[in-house]
Amino acid sequence: IIHYKPEPETCAVVRKDQIYLCDSGAQYLDGTTDTTRTWHFGEPTAEEKRAFTRVLQGHIAIDTAVVPNGTTGYVIDSFARRALWQDGLDYRHGTGHGVGHFLNVHEGPHGIGMRPTLNETPLKKGMTISNEPGYYADGRFGIRIEDIVIVRDASTPNNFGDKGYLAFEHVTMCPKQTKLVDPSLMAPWEVKWLDDYHQEVLEKVKPILEKFKDERAVKWLERECRPLKELSEWVSELDPNGSAAAKTLFVGASVVALYKLAGHVLREYIIIPKTTILRDIDSLHTPRKDGKIRGRAVVCGGSIAGLLAAAVCADHFESVTIVEAEAWANDNGTELPKTEDRVLRTSPHGYDTVTSPRTRVMQYYFGNLFQPPVYTAFGRLFPDLPRVMKELNLQSAVVVAKINMTFGRISLADPYATDDVTSGVPVMPCLTRGATEVILRKAVKEGCSNVEFKTGTVSGFRSKGSELGSVAVKVGGVEEQVEAAFVVDATGPSQMSHSKWLRNAGFSLPSDLRVEYDPILKYAASVWTIPSHLHSKWPAPGGFKSGFIYNMSGDAESGDPRCFGFAMAEHNQMVITIGGSSVTNLPTSSSQLRAYASDVYGARTIPDWVWKLFDFMEEYEEECKPFWVESRIPPMSWVQWHKIANGGVLPRNWIAVGDANMTLNPLSAQGIYKACVDSTTLDAVLRSIPVSSSSNLPNIPALFYGRQNPRVSSI
């Protein structure tokens, strides 16, 4: 049987958006129990409901089976698998085992399964056996429904051959979650079986719970044992001679139901798959069915978008090469720079600042906002992410998704009151850009054995018919050609001039692909390292902890586009972000920051504790050793590659991701989300390409931008 063994470092948590399988049992004086139920505490997907229903149909098939004496469990095993087989599904364990009383819970020699030895022992009256078909989507979810049944004599209208016939009596009384059932897949008699079973459970278990005065359990039992009725059954119960008002009410209810059904179908099967990555996330890092595409994928650029693209390509190509211009990133980029190693210097404007180890990353010391789908995608793409986070001592940076935001004079309430990251609510890490990049680079280096990192500068492409055949890389002043079956351009905004590399390789690009706007944005950050002896003096509600502390945005429509925010990132670093459109001067000291906040539109709604935080900063500024950095923000731009993706203008084996496709306003905090959309979309596209197409890849830009554009055009 398939079981889960939790380990302290990697154990999963019970979450609302995932299936929970519980296999439980105990040994009592009057018998041994072995029960498995599958639950979903949120909204199950259509795939999960269909799989659960197929398992349930197999469970019902065993429960209702009638067989002649002498029949073995080997013969009836297929009863449990028939519904699953209809969908091309199966499970890799037996369907049932004998149950011992104060002996082994799994006790032979009888059982139900595909092992030939189970054809040696026929089922006999009085035998106890489990009924537990299942289905397991590797790495995503598992389903099993298990009852204990006893072999009994069956009452049949005939008795051919005087053999006598056998049936099963279920003795496990526990509801099966109807939320996971898709009634449209079931025959009416199967629906009736489920309703009858739940009525039996209610009649036998409810009096016991009432005896112990467990009102909460009684309410739960009543809810879980409600009948599962199809619409046709409700129609048949209407009196055709009833009042017009009743009929009108039914018609109205039907219209509402159909309206909701249409909305559900539109949302679940059109809007969400087309405009979001939520349906594609579950497929990340799942094995390809027919092996990897032959050849090497070359990723130009080793920052966040490039690292994510490389991890995806590693799942689909035989090998991957990341070309990164900065040697520091390849040589030291899997370790967090120590805060004590920073050397403060005085900027030309007279404030303390530092030099970033990543000279090409303007926002290295700024904070990152991870929207919950992003961290979910990271976890799918890198199953070893918890270990990576632990080795970097970043576990505490994962927090419940709260942004503590005030917009103008309106405080936006976060939907979750809890701070418990194991409670099933959406979570996200609160990190600097530098830490995010280190995590991803370490995860790729240690988790993707077919990825190599190459230090060098991309200087061009070489075409091969309608494709790119290689990437030119300068290493130490010497140019070399790196053969490529697929190329991902993640070099950032340097390619916004419609890529001279593509033109030089012989691909004619139109001159009107790029659109841009300039928010005239000034943007700065300040990083404060809070010593441990000051944690007890921390004035923010809830005490000293990771996460967003407070964010305040003015109201651009009221004439104030400024904003500021506080976040506690990794290793006790408070990151303060300040910026806005058409802002003349940004603060570079705690006293200037207080004055800046006092002047923002809606300042009178700022909580008192925020002003106490300013007091804290002014009192302990010397101990916290803050520094300030400014980021040059060029115009926001979008190269609309999707407009020419279908015309054969672009190489068939090339795409641009991240800033090489679209640069976003950093104050909207969607940069990492955009990179995650790119990589998740790329995974779905590559997953659709069979390995047999290795020598003749389809038009990947058409597939990629056709799927990506509806997901990013609105941001």
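1. Overall make-up. The protein has 18 helices and 33 strands, and what we have here is a predicted model. The C-alpha atoms fill a box of roughly 100 × 65 × 65 Å along the principal axes. If you take contacts between residues at least 6 apart in sequence, 69% of them join residues at least 24 apart.

2. Helix 1 against helix 3. The axes of helix 1 (residues 46-63) and helix 3 (residues 188-211) come within 11 Å, crossing at roughly 80°. The two are therefore roughly perpendicular to each other. From helix 1 you get L56, Q57, H59, I60 and D63, and these meet W189, E190, W193 and L194 of helix 3. By type, that contact splits into five nonpolar, two polar and two charged residues.

3. Helix 3 against helix 4. Here the axes come within 10 Å and cross at roughly 175°, with helix 4 covering residues 215-224. That makes helix 3 roughly antiparallel to helix 4, since angles over 145 degrees are counted that way. Helix 3 brings H198, V201, L202, V205, K206, L209 and E210 to the contact, while helix 4 brings A217, V218, L221, E222 and E224. The tally for this one is seven nonpolar, one polar and four charged.

4. The link between those two helices. K213 sits in the loop between helix 3 and helix 4. Have a look at its backbone: phi is positive, about 55°, although K213 is not a glycine. Most residues other than glycine have a negative phi. K213 is also exposed, with a relative accessible area of 73%.

5. Another positive phi. H285, in the loop between helix 7 (278-281) and strand 11, is not a glycine either, yet has a positive phi of about 65°. At a relative accessible area of 31%, H285 is partly exposed.

6. G108 and P109 are joined by a cis peptide bond, with omega about 10°. Most peptide bonds are trans. P109 belongs to the loop between strand 4 and strand 5, and H110 is in that loop too, between strand 4 (96-97) and strand 5 (111-112). Is H110 buried or exposed? It is buried: its relative accessible area is 12%, and buried means under 20%. The H110 side chain reaches the backbone oxygen of T128 at 3.0 Å. Setting aside neighbours within four places in sequence, the contacts of H110 are H97, G98, L118, T121, M127, T128 and I129.

7. Strand 7 pairs with strand 8 (residues 141-144) in the antiparallel sense over four bridges, and A137 has F141 in strand 8 as its bridge partner. Three residues separate the two strands of this hairpin, and G139 in the turn has a positive phi of about 80°.

8. R342. This residue lies in the loop between helix 9 (327-332) and strand 13 (345-346). R342 counts as partly exposed, at 22% relative accessibility. What does its side chain make a polar contact with? The partner is the side chain of Q573, at 2.5 Å. Leaving out neighbours within four places in sequence, R342 is in contact with V354, Y365, V527, T529, Q573 and F627. As for D683, R342 is 341 residues away from it in sequence and 38 Å away in space, C-alpha to C-alpha.

Terms used:
Residues are numbered from 1 along each chain as its sequence is written. This is a predicted model: local features need pLDDT of at least 70, side-chain atom pairs count only at pLDDT 80 or more; totals for chains, interfaces and linings use all residues. Side-chain values use heavy atoms; hydrogens and water are left out. Axes are lines fitted to C-alpha atoms, for helices over the stretch in contact, and angles run from 0 to 180 degrees between N-to-C directions. Angles under 35 degrees count as roughly parallel, over 145 as roughly antiparallel, 65 to 115 as roughly perpendicular and the rest as oblique. Contact means heavy atoms within 4.5 Å. Ala, Val, Leu, Ile, Met, Phe, Trp, Tyr, Cys and Pro count as nonpolar, Asp, Glu, Lys and Arg as charged, and the others, Gly among them, as polar. Buried means under 20% relative accessible area, exposed over 50%, partly exposed in between (1.4 Å probe, protein chains only). A polar contact is a pair of N or O atoms within 3.5 Å; within protein, one must be able to donate a hydrogen and the other to accept it, and residues adjacent in sequence count only if both atoms are side-chain atoms. Two strands pair if DSSP finds at least two bridges between them.
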